[in-house]
Amino acid sequence: MVRIALKGLVGRPLRTALTALAIVLGVATIAAAFTLTDTMGRAADDLSTAAYDGTAAVVTARTPFDKANGDFTQNPPLPASTLQRVRAVPGVGLAVGDVTDLNAKIIGRDGRPLGDGPYFGIGLDARARGIGRLTPFRLTDGRWAAGPGEVVLDQGTSEKQRLGLGDSVRVSGQGPARRFRVVGVARFGSVRSIGTATAAIFDLRTAQALLGRTGRFDDVLVAAAPGTSPAALRRTLAARLGHSARVQTAAHQDRFTLDGLKQFIAIIQAILLGFGAVALLVGAFTIFNTLSITVAQRSREFGLLRLVGASRRQVLRAVLLEALAIGALASLLGLAAGFGLAKGVDALFRSIGLDLPQTGTVVETRTIVVALLVGIGVTVLAGLVPARRATRVGAVEALRDAAGADHLVRLPGRIVRRVVGAIGRPVAATGGAAGLLARRNAMRAPGRTLITASALTIGVALVTALTILGAGARDSTRGTLEKRLSATYVVAGQDGWTPIDHGAAVRAARVPGVRAVSSIRQDGGVAFGQQEGVNAFQPATIGKVFDFKWKRGSRGVLAGLGARGAVVDDGWASEHGLRVGDAFALTSPAGVRQRLHIVGIEDSPVFDAFGFGPITISDRAFAAGRFAARQDRLTLVDAPSVDQATLERALA
């Protein structure tokens, strides 16, 4: 029976190839998803190992947050005196002040920031003995920066932009971009590329001046002395520093935001696996239908096998062996194709700006096992019903000319037959003999017709759903912008979310023809025990460039915000049972607790193109809360008579 099954496949090569193609595509997508995300995951793990494993503890300013480096929140800086206090703690082998900023943009030759973020700006005390334990960067060429005017670039940026030792490059921190000479090139651990991110590494004092940290640190990195465990050192540090600082593991503090990278990789994997599952589902329909047709066409063949003594079990085995052979061959081909597809998807990501960190290609045993099991399993399961149907063919079928299609059709089949007959009537009327035969064939086997149509239906439904969702999101976002934005121009970071220097607003206001300029800042705060995004604006000018869609209140309430007023969105207000006139407490990262009164409630947009938080306060309240953000999230400019090129020249 094995020989008969294999000869059946070889004797129908085209049908075998087309049947296997659906499984090849599904297995290839699954193999590509695992291969690509495993490769990216390994790179993320390598980044995490290089960045955090040598650091026993990180000392940061105490905040009301469990983790103060989310989408909105910025860590308040530490005073320089904290470093000496840490060094005096028993068990500390090495402690250095650290500056790690996400907004140090390396400016390319075309005047635009390189990469798409994060833009790491690092202050490194290269003179500290043993500093290699506390930094993930490893020199590959040159030396560390030792004074003002010197910078070390990450290897990916150096290679992509052909920037070598001695070259001059501009870097923008807080204030206008400054020019630096490249004195070194460094790699982030063992990872050959950090994707769309860039890194500019300065000596500690230069970084403090460039990034607005003069006399302060973002955190203090600590390595344990020999014989001291990291956990014991963290407990000792916490006891000695008390409530003046927080002691965390480096991975939990996550100053390089690697948790976000891992979450993004998980999302990519889920999307690719979803596509693979759909492809396999369609493939299962195709195989079921193909084997059903094959069984119907080969009724005489099965009848002859029964006539010469084959048992039902042997016939069942023959059909399942065909399915198994198709599944095994298709799965192997799909596995090989998946590795190539992973490279293609990676190239696609790079072309659209999603250049993620990578090491060498990672092929886990799990990828091979899962891909083969899923591909073969789906094929065999899809062939099980046709195989059981083949066992019902009796020896007498060998004496008939056909398998007899006029068997009893149940109610679902009769419904499908009527629908197909109605749909096929115009085809029969206009298609001549071919159209007439097509209609009759579709009506003769309603079950087969339904299964064939189902595979196509799934594909069309998927494409339609994605198209509708995409169009809906685009139109909703566009509508949100049109309804809320009355400014002529929006000045933002190149990646859309990186803060910009407040000097941009000052320069824009000086351009002749500009009627109004208003900036918005963002940070995080704690309200009702939860971390929330906080927006701050200038009440005197925001109404000229931005329109709140009021649920309760009007534009007139903005002027009366002062240092105690707040506007909240409707969803957040409903969640906490708040109305206009109610008060709530907001705690800033610096620990300043403010009691705010709600003066207005705005309608919550379905898609917020601006990425605002639910709480909006005045710049005066923002300053009183000692929020850490010192740069603007957006600058809105009302200048209908000023062309874009003029504004760009003013901001260059």
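Helices (H or I, at least four residues) and strands (E, at least two) are DSSP runs, numbered from the N terminus. The model is predicted, with local features requiring pLDDT of at least 70 and side-chain atom pairs pLDDT 80 or more, while totals for chains, interfaces and linings use all residues. Residues are numbered from 1 along each chain as its sequence is written, and side-chain values use heavy atoms, without hydrogens and water.

Phe288 is placed in helix H8. Its relative accessibility is 17%, so Phe288 counts as buried (under 20% relative accessible area; exposed is over 50%, partly exposed in between; 1.4 Å probe, protein chains only). Phe288 and Leu384 are 96 residues apart along the chain, yet their C-alpha atoms are separated by 8.3 Å. Leu280 also lies in H8, which spans residues 258–297. Leu280 is buried, at 5% relative accessibility. Thr379 is 99 residues from Leu280 in sequence and 9.0 Å from it in space, C-alpha to C-alpha. Neighbours within four places in sequence aside, Leu280 is in contact (heavy atoms within 4.5 Å) with Ile23, Gly26, Val27, Ile30, Val374 and Val378.

The largest nonpolar core has 41 residues. Such a core is a set of buried Ala, Val, Leu, Ile, Met, Phe, Trp, Tyr and Cys residues joined through side-chain atoms within 4.5 Å. Phe137, Ile201 and Phe256 have the most contacts inside this core. Elements that each supply at least two of its residues include helix H2 (13–52), strand E5 (119–124), strand E9 (178–188), H8 and helix H10 (312–351). H2 gives the largest share, eight residues. Ile201 touches Ile122, Leu124, Phe137, Trp144, Ala145, Val151, Val152 and Ala186, leaving aside neighbours within four places in sequence. Another core, of 36 residues, lies apart from the largest one; Leu153, Leu163, Val169 and Val182 are among its residues.

Helix H6 covers residues 230–241, twelve in number. Leu233, Leu237 and Leu241 are buried in H6. They cover an arc of only 50° around the axis (taken from the directions from the helix axis to the C-beta atoms), which puts them on the same side of H6. An α-helix has 3.6 residues a turn, so residues three or four places apart point the same way. Arg235 and Ala239 are exposed on the other side of H6. The cover over the buried residues of H6 includes strand E1 (57–61), helix H3 (81–87), strand E3 (92–101), strand E12 (219–224) and strand E13 (245–248). Gly242 follows H6 and has a positive phi, near 65°.

Strand E1 is itself largely enclosed by the rest of the structure, because five of its five residues are buried. E1 pairs with two strands (pairing needs at least two DSSP bridges). Three bridges link E1 to E12, and the two run antiparallel. Here Val58 stands opposite Leu221. E1 is also antiparallel to E13, with four bridges. Thr60 faces Arg246 in that strand.

Across the whole structure, 14 aromatic pairs were found. Rings of Phe, Tyr and Trp (its six-membered ring) pair if their centres lie within 6.5 Å; planes under 30 degrees apart are stacked, over 60 edge-to-face, and the rest tilted. Phe548 and Trp550 form a tilted pair, with centres 5.2 Å apart and 40° between the planes. Phe548 is buried at 9% relative accessibility, whereas Trp550 is partly exposed at 22%. Tyr52, Phe120, Phe137, Phe188 and Phe256 form one aromatic cluster.

Terms used. The expected span of a helix is 1.5 Å times one less than its number of residues.
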